[in-house]
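Good morning, colleagues. Please look at the display as I speak.

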Amino acid sequence: MEKNLMERGSEMLTRETIRQFILSELISDDSRVDLTDTVQLIDSGVIDSFGIMSLLGFLEENFSIQISGDDLVPENFASISTISDFVSQKSC
Amino acid sequence: MAASFLLQTYLSEHVSRRPGKTAVTDGSRSLSYGELSIVSNRIAHCLKSIGVGRQDRVAICLQRSVQTLPSILGVLKADAIYVPLDYKAPVERWGHILKDARPKALICDSKTIPFAMEVMAMAALTVPIVSVSDLTMGQTERVREVITLDVIEDFDTGEPTYLNNANDIAYILYTSGSTGRPKGVMISHRNVKGYIDWAVSHFNITAEDNILGTAPFHFDMSTFDIYCALKSGATLSIADEMTLLFPANLVGFIERQQVTLWKGVASLLMYMSRGGVLKVGAMPTLRQVLFAGETLPTKYLIDWMTIYPEKTFYNAYGPTEATGVSTCYRVDRLPAGAHVRIPIGMPRHGTRTLLLADNQTEVLLGKVGEICIAGDGLAKGYLNDPEKTASAFVPSPLIRDGEKIYKTGDLGRLLPDGNLEYIGRKDRQLKFMGYRIEAGEIEQALLSLPWIKDSAVDLLESKLGPGILEIAAFWEAEGEVEVQMISAALKNLLPGYMLPKRFIRVEKMPRCDRGKIKLDALKKNYQGHEWKQHG
């Protein structure tokens, strides 16, 4: 079913929040990557083993969710879009 | 002069005795000792053919893969010095390192070549690039120089003659340095030998071992992985980024590779514990675990030790400038609680430590001083920086004609049982009311309280007026915690002048990727807030 306006608005906000975090905390040099919603974060090295801990902490705090070991699978962290879907799923 | 030892000669014995034994693998691609020898010889001859000579520098800029090992050895076999770079580092940092190191060649793969080109364009440098992208299994490898030379197919596979001696530099590692520019630490063949001789004997590493490599090659941590494996004829299993990112993958990798020994950065052990992948009976072959690089919060160590009482855990400490591990502590019993601090242990064989006060005399037993290190691991200094070298590597003030010591900038104290305890960084010294106070000491006192999860201490302007400073403690906790409880408990731990005047609760301590607390962000975020002040 098509998402209503409010849902789309909150989804955009979530994505933007995640993007801003990645730009300020995970990317040392933002000229390298054009950070679209679908850019592959793991393949491109934006998320690495040093950065993922701070990303998890940020998501938990900012979206008031608890991330468990079972959530730590590549599919959830592939792109800004999948992280955003994962966050809304956890917030339900 | 004793027969000069060179790191690449670790290979020789294994190449003749067990050439088919796997030297390095990432789980899917592997190189045997025989292949490693042949491929590294080819790379050495290729480098020599483009003019790389004794003690020239060659930058290695590769993705995390099995290709790194033959490249490292190839550089050493060309009598040159390898400089491992992080291809994901900002262009500016790259540029600075290349300008400082002035490499004669860059070893890249297909993914890193575009980055290298970009950096060279920016820094106005032209350095020949040797691509090792097509290097597979030692037979079909094509090593070519992509900028100025044509494709070269067949390089000699024979071992070159070596011109180096043990005091020549083997590699240069750039340390990040919280302030200022990266500094290139120059490590000799002899520096590594002393360290690895100790490690192989101390951890009883044999050809039967399988060593897990999780450290990036531009970190000093990887010295242990590479050379312990090569000296003992063991297998090095390199976990790629996908494996490191997801704890369940890492456990799977450890089990499939039958890893026996792992020296990991503390945050990765913490991440695994937090990720809920530590299960009784998992990773059965893993016998020894060393954690290093930063302090592992004791509660995570307790997790590990409770689930795996059969494994042995070590806390390893050492700056890049003293090559690998300088002190090491075997955790011989389960810590009594999360408040217990794990010592960093005693100096390894070939290394000595001393604790110096600000007036350059040794501190009294039990008092906090700067950890200084002497011995066979001490680097030759920083490349192109005699000034910083002279201020960090100094003659020991305790002995006339004293040997060189390296001043770590870390603070520690000696425990009654002879073990050292790490306190924090020296540059976090607060000057308050005429006292010199180590922020780390107050933070440690806070952390020893059962309610506190994390803490940071700094000076903040007080409400009494501009320029009047007071000690502020930022703290993170779970649930209801009264500031009065914290303040009362601290009075039993710290002298009056060290007691924080302000206690500011934060939801989450802001930390950089590497774990360092972002004090500026902290102060900025909480400046306007209502202070939870304690009179």
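In chain B, nine strands make up an open sheet with mixed pairing. Their order across the sheet is E2-E1-E11-E10-E12-E13-E14-E15-E16. Please keep in mind that this is a predicted model.

Let us turn to the edges. These positions are held by strand E2, residues 30–32, and strand E16, residues 346–347, both of chain B. Each has a single partner strand, so one side of each is left without a neighbour in the sheet. For E16(B), antiparallel pairing with strand E15, residues 327–330 of chain B, runs over two bridges. Within that pairing, B:Thr327 has B:Pro347 of E16(B) as its bridge partner.

Helix H10(B) lies across two strands of chain B, E12 (261–265) and E13 (288–292). Relative to E12(B), H10(B) runs at about 100°.

My last topic is the contact between the chains. Chain A contributes 19 residues and chain B contributes 22. On the chain B side, the elements giving two or more residues are helices H8 (241–245), H9 (247–257) and H10 (266–274) of chain B. H8(B) supplies the largest share, four residues. What is the make-up of the chain B side in nonpolar, polar and charged residues? The division is twelve nonpolar, three polar and seven charged.

Methods
Residues are numbered from 1 along each chain as its sequence is written. Chains are lettered from A and ligands numbered from 1 in the order in which they are written. This is a predicted model: local features need pLDDT of at least 70, side-chain atom pairs count only at pLDDT 80 or more; totals for chains, interfaces and linings use all residues. Two residues are in contact if their C-beta atoms, placed from the backbone, lie within 7 Å. Ala, Val, Leu, Ile, Met, Phe, Trp, Tyr, Cys and Pro count as nonpolar, Asp, Glu, Lys and Arg as charged, and the others, Gly among them, as polar. Two strands pair if DSSP finds at least two bridges between them. Axes are lines fitted to C-alpha atoms, for helices over the stretch in contact, and angles run from 0 to 180 degrees between N-to-C directions.
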